[in-house]
Amino acid sequence: MKNILIFGHSRAGKTTLAQRLGREFQMNIINEDHLVNTFGKAFPALGIGECHGSLTSHDIHIGGDDIDYERTTRNITPFMAYYLCELANHARQATGTPFVADLTFFDFDVAIPLMQQTLADACGMTLADAFIFIGLDNHKTIEALFADIRKHDTAEDWTHSLSDDELLAHCAENVGADEAFYEKWRGLAWQRYDVTEGRKRVFDRIAADLKI
């Protein structure tokens, strides 16, 4: 089994899918949000984590902290690129245990060239040798996503405290699929899945596809 990198909009189910695949395939689970929280608390000078100033619709609330999305993505991306390659090389050489990672703060323009060069230099691998890229697409309307979040939110969810206008702005950023993005990075051989409806059924299909 190759290592798996999961991407998608907020509320697409990245973390849920990573946990499912980790259990089913005995993979280590890498949650980028946990790393962001750790950096924010341990090394605040790195500019990863807490948001200073007013939030925008791009910013995120994780684990009680307001996260500046653009700054955090810019500052953590090089670390994630090298970290994922180090883990992939270690899994290949030492443990034999692959990992699944759900990624939110990830600049492809920065990360992919770094990862390609790092893997080539360290072990002669390509990205295709080391990783499966899974994209989760959500084609709900803004209004449908808004209604879904309001229906299922609890006090523990970061969106619970958003006003209707703030949540609608968040939903507008998190629907649809960016076809230009997939076209630009088509060389990564994406495995794409539509999670608009029946997400559990879709996750069952993903797990089945990975067994082939």
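## Helices α6 and α7

Helix α6, covering residues 142-152, packs against helix α7, covering residues 164-172, at an angle of about 120 degrees and with the axes 9 Å apart. That angle makes α6 oblique to α7, where angles under 35 degrees count as roughly parallel, over 145 as roughly antiparallel, 65 to 115 as roughly perpendicular and the rest as oblique. Axes here are lines fitted to C-alpha atoms, for helices over the stretch in contact, and angles run from 0 to 180 degrees between N-to-C directions; helices are DSSP runs (H or I, at least four residues), as are strands (E, at least two), numbered from the N terminus.

On the α6 side the contact (heavy atoms within 4.5 Å) is made by Ile 142, Leu 145, Phe 146, Ile 149 and Arg 150, and on the α7 side by Asp 164, Leu 167, Leu 168, His 170, Cys 171 and Ala 172. By class, this contact has eight nonpolar, one polar and two charged residues, with Ala, Val, Leu, Ile, Met, Phe, Trp, Tyr, Cys and Pro counted as nonpolar, Asp, Glu, Lys and Arg as charged, and the others, Gly among them, as polar.

## Basis of the model

This is a predicted model, in which local features need pLDDT of at least 70 and side-chain atom pairs count only at pLDDT 80 or more, while totals for chains, interfaces and linings use all residues. Residues are numbered from 1 along each chain as its sequence is written, and side-chain values use heavy atoms, with hydrogens and water left out.

## Helices α1 and α9

Helix α1 (residues 14-25) and helix α9 (residues 199-211) pack at an angle of about 40 degrees, their axes lying 11 Å apart, and the two are therefore oblique to each other. From α1, Thr 16, Leu 17, Arg 20, Leu 21, Glu 24 and Phe 25 meet residues of α9 that include Arg 199, Phe 203 and Asp 204. The residues of this contact divide into seven nonpolar, one polar and five charged.

## Cysteines

With a disulfide taken as a pair of cysteine sulfur atoms within 2.5 Å, the count comes to zero. Cys 123 is in no disulfide, and the nearest cysteine sulfur, that of Cys 85, is 7.9 Å away. Cys 123 counts as buried because its relative accessibility is 19%, and Cys 171 is buried at 0%; buried means under 20% relative accessible area, exposed over 50% and partly exposed in between (1.4 Å probe, protein chains only).

## Positive phi in two loops

Gln 26, although not a glycine, has a positive phi of about 50 degrees; Gln 26 is found in the loop between α1 and β2 and is exposed at 59% relative accessibility. Ala 189 has a positive phi near 55 degrees, is placed in the loop between α8 and β7, and is exposed with a relative accessible area of 56%.
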